[in-house]
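Below is a briefing on one structure. It covers domains, a sheet, a helix and a chain interface.

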Amino acid sequence: MVKLVGVKKYFPISRGIIFQKHVGDVHAVDGVDLEVFPGETLGLVGETGCGKSTLARVTMRLFDSTAGSIFFEGRDITKLRGKDLRLIRRDMQMIFQDPYASLNPRKTVGSIIGAPYRLHKTIPKSKIKSEVQQLMELVGLNPEHYNRYPHEFSGGQRQRIGVARALALRPKLIVCDEPVSALDVSIQAQILNLLEDLQEEFNLTYLFIAHDLSVVKHVSDRVAVMYLGKIVEMASGDTLYMNPKHPYSGALLSAVPIADPDLAAQKNRIILEGDVPSPIDPPSGCRFHPRCPQSRAMSLAQGLGDQPHPRCTEEDPELTPQHPGQVAACHFPLPDRAVIAVDAG
Amino acid sequence: MPEPLLDVRDLRVHFPTDDGLVKAVDGVTFSIMPGETLGVVGESGSGKSVSFLTVMGLITAREARIQGEVIFEGVDLVKLPKDEMRNVRGLKIGMVFQDPMTSLHPFYKVGDQIAEAILAHRKIGKKEAMDQAIDMLERVGIPRPDERVRQYPHEFSGGMRQRAMIAMALSLNPDLLIADEPTTALDVTVQAQILGLIDRLKQEFNASVVIITHDLGVVAEHCDNIQVMYAGKAVEYGYARDIYYDADHPYTWGLLQSIARVDAPRTERLKPIKGLPPSLIFVPPGCPFHPRCPYVFDRCRTEVPQLLPVDGHHASACHLSLEDKERIFKEEVMMHQ
């Protein structure tokens with residue numbers, strides 16, 4: 001349904017007060033190829049600065065890409081504008097992270113959910129209210145609260161409002177950008193189940209973005225791991241859990257706290273040094289090399305010293321096949337069972 | 001039998017507001033032994049943060065009606081006058097908060113802030129305090145601490161700021177470190193580093209630690225004992241193993257069943273807790289969890305269950321019989337896991 005080819009998104013950085021000089025770019029997304037198939041949930045996981053939110057917005061054409069192409073249902077939408085773009089917008093919608101910031105506090109709930117209908121004029125005005133109330137019921141809200149304002153709802157309910165709004169035009173694709181991160185644990189489950197039910201009922205395709213690997217793994221058919229603007233690994237959630245191949249995926253997986261003391265004690269911990277580097281000046285070769293324990297281990301094993309392996313500093317690896325259905329961009333992929341050594345359950 | 005480091009008895013913290021009396025903490029009793037890591041788990045409004053802000057003396061009789069006792073190293077902190085409390089806070093009890101950007105003053109250099117904490121309690125020279133600050137930054141794993149000490153918080157990344165906060169909290173070698181959601185705002189790989197750091201420093205500084213969080217995974221991996229809180233009350237308490245392999249409270253069951261787990265097969269559907277957390281002004285009568293409890297019966301609606309020990313150490317506040325609890329856990333909760 002969605003195909004991204006070589007997509008890049010750079011944000012220019014300028015210095016100067018009177019005369020602005022372009023001094024560099026934030027390489028938010030730096031060459032991404034991705035396919036999202038109809039009916040699937042593709043999870044996009046990564047930490048701050050990896051580019052996942054930017055990638056989502058580029059896909060939705062909320063940003064223009066700096067390079068590369070975006071295809072929706074086979075059609076090149078990279079350069080669409082105006083009326084054509086607005087028509088596409090009926091088919092792709094977004095649910096945002098912050099239920100407190102993504103709803104206009106001065107509009108009633110009914111008005112917020114009904115806005116897509118008014119903007120796209122898909123149904124007559126007289127029918128909007130009943131449609132909105134049906135949507136409210138669908139997402140678990142009381143339709144009688146039609147005239148209430150966002151501040152009168154809890155975080156979880158506000159997120160439901162966001163979901164209802166996204167569903168209004170019966171889109172084909174919904175991009176969920178951290179839809180549950182701001183919610184309490186017991187409410188997260190309600191929203192995730194709701195999204196699952198709606199997917200089945202309306203035959204939706206999801207691009208699901210989150211930093212929480214547990215949540216992403218639960219909802220996704222396939223998971224793409226992003227680091228500094230690139231996809232470093234893609235696999236099914238189960239494969240990623242059993243056999244992560246990219247050292248960053250391994251580190252991410254080993255960092256996820258497991259609510260099971262015995263299983264947690266058996267995890268092989270891959271602790272990374274330092275913080276995620278800035279996307280302004282990405283490292284040479286493989287972007288992960290400065291923090292990669294695997295690269296250092298290979299270098300030591302080959303008698304080349306305690307430093308990143310020269311191949312990693314010079315050559316940016318391509319995504320290569322690993323287990324069936326899995327690709328990873330690494331010169332020295334992790335062995336099987338690198339993090340979770342035993343079978344779960 | 002060693003003495004507890006901290007012994008909280010029937011703590012109640014009620015805030016009078018225009019809308020009514022907010023019962024943020026409503027009868028909480030627990031103790032922490034030297035060398036222990038206690039995990040306090042709960043969602044928003046459970047009272048977990050307010051309990052420890054009160055222990056620290058950051059919530060006082062000026063803001064709230066406080067009842068009960070907070071006995072730290074034999075002294076009841078609730079009854080302590082302000083200047084004496086200031087000796088305890090920082091010196092004996094250190095606290096790390098969730099968002100390091102709001103707890104570090106943006107206008108002062110990081111080194112000055114840590115030195116200030118030291119100078120407030122020790123009669124030493126400024127240079128010596130600064131040397132200790134540099135030493136602390138090194139101990140929390142910040143590279144080039146002598147340069148970093150002259151920088152401002154905005155020049156630090158999120159993970160480093162949290163390390164700086166931990167350095168500040170530990171700079172006076174307290175006996176108890178309270179970490180309130182210390183990693184919630186951080187990336188997961190940084191979270192792992194910070195929690196590992198806290199584990200290591202706990203040994204080095206010979207301190208007890210309290211980790212307040214909503215994340216059941218974090219407490220499973222880092223805590224000896226766990227207290228589960230709901231609507232201002234402690235509903236379950238026990239060893240980490242008790243909570244995960246033998247939980248005895250419907251709210252705990254609900255939490256365990258509702259979290260997405262990286263080790264669970266994808267086909268398992270999450271089982272959320274129905275309803276919403278209650279208002280702390282109009283707390284439901286009897287057991288505060290009863291409106292959301294799948295196993296509720298008449299007694300639950302009228303009688304507040306007490307936190308009673310099940311086997312000495314493991315305690316739960318629920319009217320269900322022990323047999324029922326064990327059966328339900330085995331048949332319904334464990335199956336899900």
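**Domains of chain B**

Chain B is assigned domain 1 (6-223) and domain 2 (252-336); the bounds come from an automatic or database domain assignment. This is a predicted model: local features need pLDDT of at least 70, side-chain atom pairs count only at pLDDT 80 or more, and totals for chains, interfaces and linings use all residues. Residues are numbered from 1 along each chain as its sequence is written, with chains lettered from A and ligands numbered from 1 in the order in which they are written.

- The centres of domain 1 and domain 2 of chain B, taken over C-alpha atoms, are 30 Å apart.
- Domain 1 of chain B puts 11 residues into the contact, and domain 2 of chain B puts in eight residues. Contact requires C-beta atoms, placed from the backbone, within 7 Å.
- On the side of domain 1 of chain B that touches domain 2 of chain B, β2(B) gives the most, with six residues. Helices (H or I, at least four residues) and strands (E, at least two) are DSSP runs, numbered from the N terminus.
- That side of domain 1 of chain B has four nonpolar, four polar and three charged residues. Nonpolar means Ala, Val, Leu, Ile, Met, Phe, Trp, Tyr, Cys and Pro; charged means Asp, Glu, Lys and Arg; the others, Gly among them, are polar.

**Sheet of chain B**

- An open sheet of four strands runs in the order β2-β1-β4-β5 (chain B), with antiparallel pairing. Strands pair if DSSP finds at least two bridges between them.
- β2 (20-32) and β5 (75-76) of chain B are the edge strands, each pairing on one side only.
- Seven bridges link β1 (residues 6-17) to β4 (residues 65-72) of chain B.
- Helix α1 (residues 48-55) of chain B packs on the sheet and touches β1, β2 and β4 of chain B. Its direction makes about 110° with that of β1(B); axes are lines fitted to C-alpha atoms, for helices over the stretch in contact, and angles run from 0 to 180 degrees between N-to-C directions.
- B:Arg12 stands opposite B:Gln67 in β4(B).

**Enclosed helix of chain A**

- Nine of the nine residues of α9 (residues 247-255) of chain A are buried, so this helix is largely enclosed by the rest of the structure. Buried means 20 or more other C-beta atoms within 10 Å of a residue's own, with C-beta atoms placed from the backbone.
- The cover over α9(A) includes α11 (293-301) of chain A and α8 (188-205) of chain B.

**Interface of chains A and B**

- Chain B has 39 residues in contact with 35 residues of chain A.
- α8(B) gives the most to the chain B side, with seven residues.
- The chain B side divides into 18 nonpolar, 11 polar and 10 charged residues.

How values were computed. Two residues are in contact if their C-beta atoms, placed from the backbone, lie within 7 Å. A residue is buried if 20 or more other C-beta atoms lie within 10 Å of its own, exposed if 12 or fewer, and partly exposed in between; C-beta atoms are placed from the backbone.
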